[in-house]
Amino acid sequence: MRFIVCENYDELSQKAAEFVSAQIILKPDCNLGLATGSTPIGMYQKLVDMNIDFSNVTTFNLDEYYPIARSNNQSYHYFMTEHLYSKVNLKPENIFIPNGETDTPTEECKQYEKSIAEHGGLDLQVLGIGQNGHIGFNEPSEALNSFTHITQLTQNTIEANSRFFKNIDEVPTQALTMGIATIMRAKRILLLASGKEKARVVHALQGNMIDPEIPATILAAHNDVTVIADKAALDT
């Protein structure tokens, strides 16, 4: 696991954008796994500013709240449209994100997993990391061999995400998410961590030990992981 230390969030965002753009330049028809949340917003803005050609790129998003309408301004479909989809030349047919409106979530998860496989797997998966160490919405103590599935969100995650909603009661309690096994099948992984509230879990990553209570530590078993973190997230 390789660590790149940045002075601040802006530098982190720039380094992350350069990392992703290098992947696209090396393989213009690459499959990108993309993350939501506050941390990658700066990276997306930098990618937009760099005027990268996304015309042959296929994207798969990590997760989506469930149930939630695409038009809801807190859905991850809305988030990605606002921060990336509407600002680059991605083809609509090359954009994949779990359907938070489905009536058959289990089938949706199976189909999502199948779509990733049919496209040849993920060349690069971008991850954020939750305060409790979750990646995607794989919460502590979940099976480390899971594929795309519906999951119950922990109270910690609900409280952390409530800042995006009018009140905590509006936060969905479930999500559709790529599983740990799905993430681990990506050829390369880029994890972004910003802020002092992430320091505990980033420190756990540095220990290179797998702890089911901190899902992100499973990344120690992958052979190509880069962590880009600002100094606040490395302040232990």
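**Figure 1. Secondary structure and overall dimensions of the predicted model.** The protein chain of this predicted model contains seven helices and ten strands. Its radius of gyration is 16 Å, close to the 18 Å that the globule rule gives for 236 residues, so the chain is as compact as a globular protein of that length. Taken along the principal axes, the box filled by the C-alpha atoms is roughly 45 × 40 × 35 Å. Buried residues account for 56% of the 236 residues, and of the contacts between residues at least 6 apart in sequence, 79% join residues at least 24 apart.

**Figure 2. Surface and charge of the protein chain.** The chain exposes about 10,500 Å², of which carbon and sulfur atoms supply 48%. There are 18 positive and 29 negative side chains, and the centres of these two sets lie 4 Å apart.

**Figure 3. The open sheet of seven strands.** The strands follow the order β1-β10-β9-β6-β2-β3-β5, and their pairing is parallel. At the edges stand β1 (2-6) and β5 (95-96), each of which has a single partner strand, so one side of each is left without a neighbour in the sheet. Within this sheet, strand β6 (residues 124-127) runs parallel to strand β9 (residues 188-193) and is joined to it by four bridges; Leu127 has Leu191 of β9 as its bridge partner.

Figure 4. Ile189 belongs to strand β9 and is buried, with a relative accessible area of 0%. Although Ile189 and Gln125 are 64 residues apart along the chain, their C-alpha atoms are separated by 4.8 Å. When neighbours within four places in sequence are left aside, the residues in contact with Ile189 include Leu124, Gln125 and Leu127, together with Ile183, Leu219, His222, Asp224, Val225 and Thr226.

**Figure 5. The cis peptide bond at Pro67.** The peptide bond that leads from Tyr66 to Pro67 is cis, with omega near -10°. Pro67 is found in the loop between β4 (63-66) and α3 (76-83).

**Figure 6. Two asparagines with positive phi.** Asn51, in the loop between α2 (41-49) and β3 (58-61), has phi near 55°, a positive value in a residue other than glycine; with a relative accessible area of 68%, Asn51 is exposed. Asn208 lies in the loop between α7 (199-206) and β10 (225-230), and its phi, near 60°, is likewise a positive value in a residue other than glycine. At 47% relative accessibility, Asn208 counts as partly exposed.

Key:
Residues numbered from 1 in each chain as written. Predicted model: local features only at pLDDT ≥ 70, side-chain atom pairs only at ≥ 80, totals over all residues. Heavy atoms only, no water. Rg over C-alpha atoms; globule rule 2.2 N^0.38 Å. Buried < 20%, exposed > 50% of the residue type's maximum accessible area, 1.4 Å probe, protein only. Contact = heavy atoms within 4.5 Å. Areas by Shrake-Rupley, 256 points an atom, 1.4 Å probe, with all protein chains shown as cover. Lys, Arg positive; Asp, Glu negative; His and termini not counted. Charge placed at Lys NZ, Arg CZ, Asp CG, Glu CD. Pairing = 2+ DSSP bridges.
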